[in-house]
Structure formats: C-alpha cells, structure tokens
Amino acid sequence: MTPLIRRATRFLTAHVDAPLLGAILLLMALGLIVIFSGSNQGLTRVTTQAISMLVALGVMYAFANIPPHYLMRVAVPLYVLGVLLLVSVALFGDVVHGARRWLHVGVTRIQPSELMKIAVPLMLAWYFDHYEATLRAKNYFIAAVLLVVPVALIARQPDLGTALLVFAAGGYVLFLAGLSWRIIIALVVAGLAAIPFGWPLLHDYQRQRILTLFDPTQDPLGSGYHIIQSTIAVGSGGILGKGWLQGTQTRLDFIPERTTDFIFAVYSEEFGLLGNLLLLFLFLLVIARGAMITASAPTLFTRLFGGAITLTFFTYAFVNMGMVSGILPVVGVPLPLISYGGTSLVTICLGLGILMSIQTHKKLVQS
C-alpha cells in the first residue's frame, strides 16, 4: 500500500467507528436478504432499498465528520423549524388514508415528524447543557413542555408510532439529565389514572388496536388479522426455521406488510430461533457500542444526546419485535436497518453517524 493510499484511507476512516459500522453493515445485509424474500423474490424493492442504504450510509458518514459542538449551534433553529413545519402540516398538509402527515415543499413532499426524532433530543440536550450549572425543577418543566408540544402535534395527525418514538427520545434525555425517580413514578401513576379519561380521545382504530392486543380472535379477518398471522409465522419457524425463501406464511401472502412493519415475521419464519438470536446479538452490539460511546462522552450535551440516540434505537427494535410477536399493540414502527423504507433508514443512520462523531471527536473536546 503506497503512502498516498494509506493517507487517503486514514482520512476516510478517521471519524468512522469500526465496531459500530460493522454491526450496521451486517444488519443491512440481513435486511436485503429478508426484503428479497418478503417481496416474492422481486429485485425492485431490493434495488430501491440498496440505493436508500447507500444514501443513508453517506448521511451517516457526513454526520460522523461533523463535530458535536456544531450540532449544538443548530439545535434551537432546527427545533423551531420542525415545530413550524408540524403546524404547517396541521394547517395545509396532505391527507392520505385519513392522516395528515405530509407537506408539499416545492416539487417534493416531506414528513416533518421524521425530523423531530432528531430535533427534539438535540434541543433538549442543548437545553440541559446550557443550564447545567443552574438546573432547577423549573428547567425540567420547561423541557417537558418542549417535548410535549411536538409530540401532541404529531399525535394529532394522527401518527401514534412516530409520536411514541419522539416522546421516547425526549423522555430519555429527561431521564438521563437526572429527572427524579419520584417524579417519574408520579407521572406513571398519573398516566395510568388518566387512561379512563384519555380513552374517548383516541381514534376508533387506535382503540381497536389496543383491544385486539388482548384478544385478536375477536376479529380474525379484520383488526386481529395482522397479529394472528405474524404470531403464526414467528412460532412456525421453530428452532432452525423453514429456510430462506421457504416460509409458507410468506409465500402464500398471509403476512401483511411483509417488507416493512412485519418483516420480523418473515425473518422469524425462515430463520427460526437461532436466526432471531443472531439478530438480537447484532442489535445488542449496536446498543452496547452506543452505550460505551455515551459513557465516555466528554460533555453533558454529548452524553445526553448519545444516550437518547442509543435508547431510541433500542425502542425501535423492542417495539417492532414486540408488536409482531403480539405483546404490544400495532403502532407502525419499522425494524431498524432491516425494514424497507428510506426515510426511517436515513433518520436512524443519521443518529448513528452522530454517535460516531461523539466517539471520534472526544479527544478534540478534551484537549
């Protein structure tokens, strides 16, 4: 290897975390394998997803090279822009399948709620870092308001899955910033007590999803169909699985949304328990590496933001596998780095790129 090539290689990999990148690439490879199977061996979706992965990796690399203190500078304007876009969606957004989530901007459409998955924890991490020396109870209250406003706007669209992820991302920052356990327990108790009052405010399909969780057989061909078919697929995989491209639930089109929200059912049927253990191991690698990066981060901002990104990734995986397995309601959360879809993939890789930036720029911060 010539000195020029060595210098180029060092330059290109200077802000890339190898363990994290390795786990990401393995998960993406699994995703392409399962999408090929779930799309009835069609190459169109596989090709589209491969292109989305290249774009997502490019975004991840770009953000890995941005020092964290530059991100702090855009926290407030990005949050304000995101809230303004959410308000614009509520006023002027397109209605698709009964939900108003999209906004026309020039020649394209955007979904501002995706932006808030990053903007909300970024804003809260900046806020707590800004007031680190004088944190009081009022600061946690203000932070809670900053969190609730976008979550309420997203839930109103309605988009329960994204609202859940944004709330979780912001909630993790509050927790990591030192929110008292007494307050957390009080909020949980208050939330449980408010269920009878909040139940009538839910949309009919949201109430039906919760009821279906407890008894999917009450409407086996309607609201319970997704859960029944996905749990059959997960269970029928057994220990070794039926083999790649051999899943009967997949081949006979019983599994709905086979390449997106319910791709885990396809994977479980074909690769079984051992395949699921491999998948869980790769997810744990990403989460463990994120936790290590967070623990060694040099500033409060990077610790809070890194922790929120890592725990949000965990939430993606836990909620998706939970709903496919029938232990959580169906809320439309993709399986990270596996499910088909460019928007969520880019958002996830953007966050993972920021984790790499926190890791590789920490020496510059400490010096």
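Guide: Axes here are lines fitted to C-alpha atoms, and angles run from 0 to 180 degrees between N-to-C directions. The model is predicted.

Visitor: Are helices α2 and α3 roughly parallel or roughly antiparallel to each other?

Guide: The axes of α2 (residues 18-38) and α3 (residues 43-64) come within 9 Å and cross at roughly 165°. Angles over 145 degrees count as roughly antiparallel. The two helices, α2 and α3, are therefore roughly antiparallel.

Visitor: Is the crossing of α2 and α3 left-handed or right-handed, and which residues make the contact?

Guide: The crossing of α2 past α3 is right-handed. From α2, the contact draws on residues including Leu 21, Ile 24 and Met 28. From α3, the contributors include Val 46, Met 53 and Met 60.

Visitor: How many residues of the contact of α2 with α3 are nonpolar?

Guide: One residue of this contact is polar and 1 is charged. The nonpolar residues number 13.

Visitor: Which residue meets Glu 269 in a salt bridge?

Guide: Glu 269 lies in helix α13 (residues 263-295). Its partner sits 27 residues apart, in the loop between α11 and α12. The N to O distance is 3.0 Å, and the partner is Lys 242.

Visitor: Is Glu 270 buried or exposed?

Guide: Glu 270 of α13 pairs with Arg 251 of α12. Arg 251 is partly exposed at 26% relative accessibility. Buried means under 20%. Glu 270 has 1% relative accessibility, so this residue counts as buried.

Visitor: What is the N to O distance between Arg 258 and Asp 253?

Guide: Arg 258 is buried at 17% relative accessibility. Asp 253 is partly exposed at 43%. Their side chains meet in a salt bridge, N to O, at 3.2 Å.

How values were computed
Residues are numbered from 1 along each chain as its sequence is written. This is a predicted model: local features need pLDDT of at least 70, side-chain atom pairs count only at pLDDT 80 or more; totals for chains, interfaces and linings use all residues. Side-chain values use heavy atoms; hydrogens and water are left out. Helices (H or I, at least four residues) and strands (E, at least two) are DSSP runs, numbered from the N terminus. Angles under 35 degrees count as roughly parallel, over 145 as roughly antiparallel, 65 to 115 as roughly perpendicular and the rest as oblique. A crossing is left-handed if the near helix is turned anticlockwise from the far one by less than a right angle, and right-handed if clockwise. Contact means heavy atoms within 4.5 Å. Ala, Val, Leu, Ile, Met, Phe, Trp, Tyr, Cys and Pro count as nonpolar, Asp, Glu, Lys and Arg as charged, and the others, Gly among them, as polar. A salt bridge is a side-chain nitrogen of Lys or Arg within 4 Å of a carboxyl oxygen of Asp or Glu. Buried means under 20% relative accessible area, exposed over 50%, partly exposed in between (1.4 Å probe, protein chains only).
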